[in-house]
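Please keep the sequence and the structure in view while reading, and look up each residue as it is named.

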Amino acid sequence: MGTVYLLSPGQKMCRNGGRMEIWNNRHEKLYSLIASDINSVVVGGYTQISTEAIFTLLKNGVQITYVDKRGKILGCMSNEKMSISRLIMQQERFADPVLTASLVRYVLRIKLKNQRNLLLYYASKLQKSDLKEAASIIKLYIHKLDTTELVEELRGYEGIASKVYFEAFGLIFDSRQWDWSGRNRRPPRDPVNSMLSYGYAFLEREVRTAIAGIRLDPRIGFLHSNNGRKDSLVYDMMEMFRQNVIDKFVLKIINKKILLPIDFRVEEEDGCNFCDAARHKWIGEYEKYMLEPRKILDGLSWRQYMQKEMEKFADLVIYGME
């Protein structure tokens, strides 16, 4: 099953019999799909999706996600029904300080190992000792995760490791051509940061879909604060996949010259954004990247791998850490 993107102005989706039809702004039918072949639908501004199509998609368990021009999720629709008993169980589990510390350590260990492995891969490929040195520093903080049960200290170690990681990130590509001076956001001020932020918004959607599959409530997390302003569990789970899924994809886009700095525009208030053609190219490449079976994942795609890892995490929440 795949994802349908309605992001071009004037695009619309409607139901015709048992099929979903997607049309462009010139009233030309782009394609026709069976609802059961659709995993999720991403809807941008200035596009339309009919009420009949929404009913059919929800009936088939398809998640509909609304995003802004940066790819930031504005809201989701799905027919997922959370049982009260499972919701109470999740809340009780995440209120347990011992289990919470174990889950935080579990997620952050995966994140830091992914940071280290990415830097080591490019240190070997590019023969850059600075990347190897940064990976060694991150390794120290991986070990430090086992020295405390305090969540705030665990978060602190992650913060230091991420600072080291992003300081080294610009050594992987030509930082003069790509104008990299470190991670920035809200809004991103250069093309690389624009791709990272846009990619993390796509990752947020992937994680939301996976959370719906494991029947946990996205609002109740354990790493990020449960303040009601954002769905904490979504951001908690994203930490396990940022480097392996999005950062690697951004580096592929850069190193294979799929996009170039001229494919972006900088606006004073909105920061750096994709040009329209570049955004469409990104979407096409992203879907191929997420669906391609990979030897390193035992034949799974990145999307399947994420779903499998989320199922493993759900077991840890339900049955506890070993």
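Arg 186 is exposed, with a relative accessible area of 76%, where exposed means over 50%, buried means under 20% and partly exposed lies in between, using a 1.4 Å probe and protein chains only. This is a predicted model, in which local features need pLDDT of at least 70, side-chain atom pairs count only at pLDDT 80 or more, and totals for chains, interfaces and linings use all residues. Residues are numbered from 1 along each chain as its sequence is written, and side-chain values use heavy atoms, with hydrogens and water left out.

**The loop between H5 and H6**

- Arg 186 lies in the loop between helix H5 (151-169) and helix H6 (191-214); helices (H or I, at least four residues) and strands (E, at least two) are DSSP runs, numbered from the N terminus.
- The peptide bond that leads from Arg 186 to Pro 187 is cis, with omega near -5°, and Pro 187 also has its place in the loop between H5 and H6.
- Asp 179, which lies in the loop between H5 and H6, has a positive phi of about 50° although it is not a glycine.

**A patch of positive charge**

- On the surface, Lys 72, Arg 185, Arg 186 and Lys 230 gather in a patch of positive charge.
- Patches are made of residues with over 30% relative accessible area and no salt bridge, with like charges joined within 9 Å and nonpolar side chains (Val, Leu, Ile, Met, Phe, Trp, Tyr) within 5 Å.
- Lys and Arg count as positive and Asp and Glu as negative, while His and the chain ends are not counted; the place of a charge is taken as NZ of Lys, CZ of Arg, CG of Asp or CD of Glu.
- Accessible areas come from the Shrake-Rupley method with a 1.4 Å probe, and for residues only the protein chains shown count as cover.

**Salt bridges**

- How many salt bridges does the count come to? The count comes to 21 salt bridges, each being a side-chain nitrogen of Lys or Arg within 4 Å of a carboxyl oxygen of Asp or Glu.
- Arg 26 forms a salt bridge with Glu 28, and their closest N and O atoms are 3.3 Å apart; Arg 26 is exposed at a relative accessible area of 56%, whereas Glu 28 is partly exposed at 38%.
- Asp 276 forms a salt bridge with Arg 279, with the closest N and O atoms 3.2 Å apart, and both residues lie in helix H9 (residues 276-291), three residues apart, which is about one turn of the helix.
- Within that pair, Asp 276 counts as partly exposed at 45% relative accessibility, while Arg 279 is buried, with a relative accessible area of 11%.
- Arg 303 forms a salt bridge with Glu 287, the closest N and O atoms being 2.9 Å apart. Arg 303 lies in helix H10 (residues 302-319) and Glu 287 in helix H9, so the pair ties together parts that are 16 residues apart in sequence. Both Arg 303 and Glu 287 are buried.

- Asn 114 has its place in helix H3 and is buried, with a relative accessible area of 10%.
- Not counting residues up to four places away in sequence, Asn 114 touches Met 240, Gln 243 and Asn 244, where contact means heavy atoms within 4.5 Å.
- Ala 123 is also placed in helix H3 (residues 97-126), and at 11% relative accessibility Ala 123 counts as buried.
- When residues up to four places away in sequence are not counted, Ala 123 touches Lys 128, Leu 131 and Lys 132.
- Ala 123 and Leu 171 are 48 residues apart in sequence and 9.3 Å apart in space, C-alpha to C-alpha.
- Gln 127 lies in the loop between H3 and helix H4 (129-144) and has a positive phi of about 55° although it is not a glycine; Gln 127 is exposed, with a relative accessible area of 66%.

**Strand E3**

- Is Glu 21 buried or exposed? Glu 21, whose place is in strand E3 (residues 19-23), counts as buried at 7% relative accessibility.
- Leaving aside neighbours within four places in sequence, Glu 21 is in contact with several residues, among them Lys 12, Cys 14, Lys 29 and Tyr 31.
- Glu 21 and Ile 49 are 28 residues apart in sequence and 10 Å apart in space, C-alpha to C-alpha.
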